[in-house]
Amino acid sequence: MSGLKFPNGAVRMTPLVNTKVSDALSFAKILDPQNLQSALLTSFTLDINWLEQHQINPDASLILISQNIRYTDAIDLSRYTIVRPEFPSPHVQIMHSKLMLLFFPRFMRFVVSTANLVEDEWSIVHNCLFIQDFPLNRKAVFAANSFSMDLAFSLHDLSVPFSLIAQLNHVDFARARVHIVCSVPSGNSRRNLNMRNYGMLRLASILQTNQPSYQDTDKFSPNVRLYCTSSSLGKIDVGWLRDIYISSHGVDPQNFALSEREQMVPADLIDVGMGFHTREDAQTNLYGPQASQYIMAKQGVYDEPWFARSWLFKVFPRAENTLVHAKAIVARAGEQQSKGWMFIGSHNFTPAAWGRLNVQKPPYYNNYEFGVVLTGVDYTFHSMEHVTSIMWNNQNISLPFNPIWQPYGRNDIPYFNDQ
């Protein structure tokens, strides 16, 4: 394991300009551009001009997958392989994954970020990432495990060339400790070839270990508390909140009729806090409109009578007067609320990302998304509303926000950016 900087996996934050951030890891440090041999870079928006400022090894081969690739006429695209995944409904479906696979002479770096590959999102808004280095030996073939299979399946879903997927055979994933959860737009012909389930249903399958099989709805006892940060506010109603809340217990909500789910978890027992910045947060942030443009919400959606506004909670950034762009779920479970799990990835806390269940039809997923679930998380807290430390895999986890369950006040409204 010598030479691997992150052999056991770690959660890090992205840096902020002129603001001290502990445990921050810059894009340049992650990329190690001079030693990079090849890479897969995925992002909703990707700025090639900014990428080339890092002076990547000229012999490195780079595969890019992005919804919106920016570059000027001066850029030579010949070194890049640009892949566009399948979009059955391209006018609404989007590529939102933020996965990086970075290949070096002796290891592969696996990075799941909440930041797009543009300079602002690595300098003026709070993001976080999961990173792990896996040994690489091109003369050996390592046995596959559930993580490597899930990774290969998810790459196939993204239309990644088989030449790159084949390289995973030479990577030793024995020390993988996280679980992959991805989403793929409905109607994609690749979906049924690979991952068995997506979004909230994939989350439920990850968490179902040691969970009882609920045949009687009266035996279901809600005991999970969720705090979910998001940079986008979607079409969230109580029914959708209930479905993802049931999934967070390791239970597949599809196994129950809508009326049964309502009996299992009445609205007042849906213990979910949707962390989203208020208008005041956006107007007083240190970096002004340049940062607030990355926080997305539409007032027309918020004003709908079905919108679950009662579950909106405040966001408390680690650095005062900054904005959190990170997509994360902090989950505490059980009577003592001292153990649980976490999610970090590209999924905003929206139906478009996590999927929406339908009656007598398959779930609908709108976006390509990629994230990881960290199980076996330990929490300590000052009160039931304020987590003070998070431990995973014998290491402390620092997030760009303080997990504090504090609902919106009477005069609080989300920051709306309808552009």
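The questions and answers below take up these topics in turn.

This is a predicted model, in which local features need pLDDT of at least 70, side-chain atom pairs count only at pLDDT 80 or more, and totals for chains, interfaces and linings use all residues. Residues are numbered from 1 along each chain as its sequence is written, and side-chain values use heavy atoms, with hydrogens and water left out.

Me: How many of the 10 residues of strand S2 are buried?
Reply: Helices (H or I, at least four residues) and strands (E, at least two) are DSSP runs, numbered from the N terminus. Buried means under 20% relative accessible area, exposed over 50%, and partly exposed in between, with a 1.4 Å probe and protein chains only. Strand S2, residues 38–47, is mostly covered, and its buried residues number nine.

Me: Which strand pairs with S2 in the antiparallel sense?
Reply: Two strands pair if DSSP finds at least two bridges between them. S2 is joined to strand S3 (residues 61–70) by nine bridges, and these two run parallel; there, Thr 45 has Asn 68 as its bridge partner. The four antiparallel bridges are made with residues 99–103, strand S6.

Me: Which residues lie nearest the centre of the largest pocket?
Reply: On a 1 Å grid over the protein atoms alone, a pocket is an open set of points with protein on both sides within 12 Å along at least five of seven lines, where a 1.4 Å probe fits; lining residues have an atom within 4 Å of a point. S2, S3, helix H11 (351–354), strand S15 (356–358) and strand S17 (367–383) each supply at least two residues of the lining. Of the 37 lining residues, those nearest the centre are Ile 94, Ser 232, Met 296, Lys 298 and Asn 348.

Me: How many residues in the lining of the largest pocket are charged?
Reply: Ala, Val, Leu, Ile, Met, Phe, Trp, Tyr, Cys and Pro count as nonpolar, Asp, Glu, Lys and Arg as charged, and the others, Gly among them, as polar. By this division the lining has 12 nonpolar and 16 polar residues, and the charged ones number nine.

Me: What is the N to O distance between the side chains of Arg 109 and Asp 133?
Reply: A salt bridge is a side-chain nitrogen of Lys or Arg within 4 Å of a carboxyl oxygen of Asp or Glu. The whole structure holds eight salt bridges. Arg 109 lies in strand S7 (residues 107–113) and Asp 133 in strand S8 (residues 128–135), so their pair ties together parts 24 residues apart in sequence. Both residues are buried, and their N to O distance is 2.7 Å.

Me: Is Glu 385 buried or exposed, or does it fall in between?
Reply: Glu 385 forms a salt bridge with Arg 225, with the closest N and O atoms 3.6 Å apart. Glu 385 is in the loop between S17 and strand S18 (386–392), whereas Arg 225 is in strand S10 (residues 224–229), 160 residues apart. Arg 225 is buried, because its relative accessible area is 15%. Glu 385 has a relative accessible area of 37%, so its class is partly exposed.

Me: Where is Gln 336 placed?
Reply: Gln 336 counts as exposed, because its relative accessibility is 57%. Gln 336 and Tyr 379 are 43 residues apart in sequence and 9.9 Å apart in space, C-alpha to C-alpha. The place of Gln 336 is the loop between strand S13 (328–333) and strand S14 (339–345).
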